[in-house]
Amino acid sequence: MKLIAENLTIDRGGRRVFQDLSFTLESGTALVVTGANGIGKSSLLRTLAGLVFLSKGEIRLEGGQDDRQPQEQAHYFGHQDAVKPALSVLENLVFWQSYSAPVSVSAFAGKKMEPLEALQILGIGHTAYLPAAYLSAGQRRRLSLCRLLVTPRPVWLMDEPTSALDKASEGQLLELMNGHLALGGLIVTATHTDLALDQVQILHLKAEIVETQLTEEDF
């Protein structure tokens, strides 16, 4: 399975964010997007998720489900936690699972997890029947991460995934991310933090320049 981006050009608010950006990402690999604030990292992730229209270029997921667009085979984990405060923590996950169809492809071995199990793994099982409005910022972040587990999809798009997490939760997140890669999944993440991921490709964004670099870790 490969995520392929060819000659991506994005314009937002009358400004060209970047142009002619290309990369290929293989199964089991994370693309870590770095660069200064405002350089276009979040715009790239939102474009891959189908939330921002391309001005030019093409995005493909080879080896995925042919009858689905690439963004339909991806989870977007952004700055906002997408939690409904009036619902209980468990109801939030059940709603998400019923709303989002899983994706199963031969190159990805992800299995659907039950909501209560996902909450226990993320350390917030004790909050299952509380209104989500009672959660702290870190707990809401972990609830949002649970969504990636209850509906398996091969591509995770993660914008500053460690935001609002303590050190223990960061370590747990890295375990989940490396576990996803081990199952043949792909991750694209924008971050200012060094992430100890097993197999990494770096995409560094600069003004008018895009530099790519492969790190020789477990290749």
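User: What should I know about the model before we start?

Analyst: It's predicted, so local features need pLDDT of at least 70 and side-chain atom pairs count only at pLDDT 80 or more, while totals for chains, interfaces and linings use all residues. Residues are numbered from 1 along each chain as its sequence is written, and side-chain values use heavy atoms, with hydrogens and water left out.

User: Why is H2 called oblique to H4?

Analyst: Helix H2 (residues 89-99) and helix H4 (residues 137-150) pack at an angle of about 40 degrees, and their axes are 10 Å apart. Angles under 35 degrees count as roughly parallel, over 145 as roughly antiparallel, 65 to 115 as roughly perpendicular and the rest as oblique, so H2 is oblique to H4. The axes are lines fitted to C-alpha atoms, for helices over the stretch in contact, and angles run from 0 to 180 degrees between N-to-C directions. The helices themselves are DSSP runs (H or I, at least four residues), as are strands (E, at least two), numbered from the N terminus.

User: Which way does H2 pass H4?

Analyst: In a right-handed crossing. That word applies if the near helix is turned clockwise from the far one by less than a right angle, and left-handed if anticlockwise.

User: Which residues make the two helices meet?

Analyst: On the H2 side they are Val-89, Asn-92, Leu-93, Trp-96 and Gln-97, and on the H4 side Leu-143, Cys-146, Arg-147 and Val-150. Contact here means heavy atoms within 4.5 Å. The residues of this contact split into 6 nonpolar, 2 polar and 1 charged. For that count, Ala, Val, Leu, Ile, Met, Phe, Trp, Tyr, Cys and Pro are nonpolar, Asp, Glu, Lys and Arg are charged, and the others, Gly among them, are polar.

User: What makes Glu-26 and Lys-2 a salt bridge?

Analyst: A salt bridge is a side-chain nitrogen of Lys or Arg within 4 Å of a carboxyl oxygen of Asp or Glu. The closest N and O atoms of Glu-26 and Lys-2 are 3.7 Å apart, so the pair qualifies. This pair links distant parts of the chain, with Glu-26 in strand S2 (residues 15-26) and Lys-2 in strand S1 (residues 2-12), 24 residues apart.

User: How many salt bridges are found in the whole structure?

Analyst: The search finds 8. Among them, Arg-16 and Asp-11 meet at 2.8 Å, N to O, and Arg-60 and Glu-62 at 3.4 Å. Salt bridges that share partners also join Glu-6, Glu-58, Arg-60 and Glu-62 into one network.

User: Why are Glu-26 and Lys-2 called partly exposed?

Analyst: Buried means under 20% relative accessible area, exposed over 50%, and partly exposed in between (1.4 Å probe, protein chains only). Glu-26 is at 39% and Lys-2 is at 30%, so both land in the in-between band. Arg-16 is also partly exposed, at 44%, and Asp-11 is too, at 32%.

User: How do you know that helix H1 is mostly covered?

Analyst: Of the 8 residues in H1 (residues 41-48), 6 are buried. They are Lys-41, Ser-43, Leu-44, Leu-45, Thr-47 and Leu-48. After H1 comes Gly-50, which has a positive phi near 85 degrees.

User: What makes the phi of Asn-7 and Ala-82 worth a look?

Analyst: Most residues other than glycine have a negative phi. Asn-7 isn't a glycine, yet its phi is positive, about 50 degrees, and Ala-82 has a positive phi near 55 degrees. Asn-7 sits in strand S1, while Ala-82 lies in the loop between S5 and H2.

User: Is Ala-82 buried or exposed?

Analyst: Exposed, because its relative accessible area is 57% and the cut-off is over 50%. Gln-80, in the loop between strand S5 (74-77) and H2, is exposed too, at 69%.

User: Where is Gln-80 relative to Arg-141?

Analyst: Their C-alpha atoms are separated by 8.6 Å, although Gln-80 and Arg-141 are 61 residues apart along the chain.
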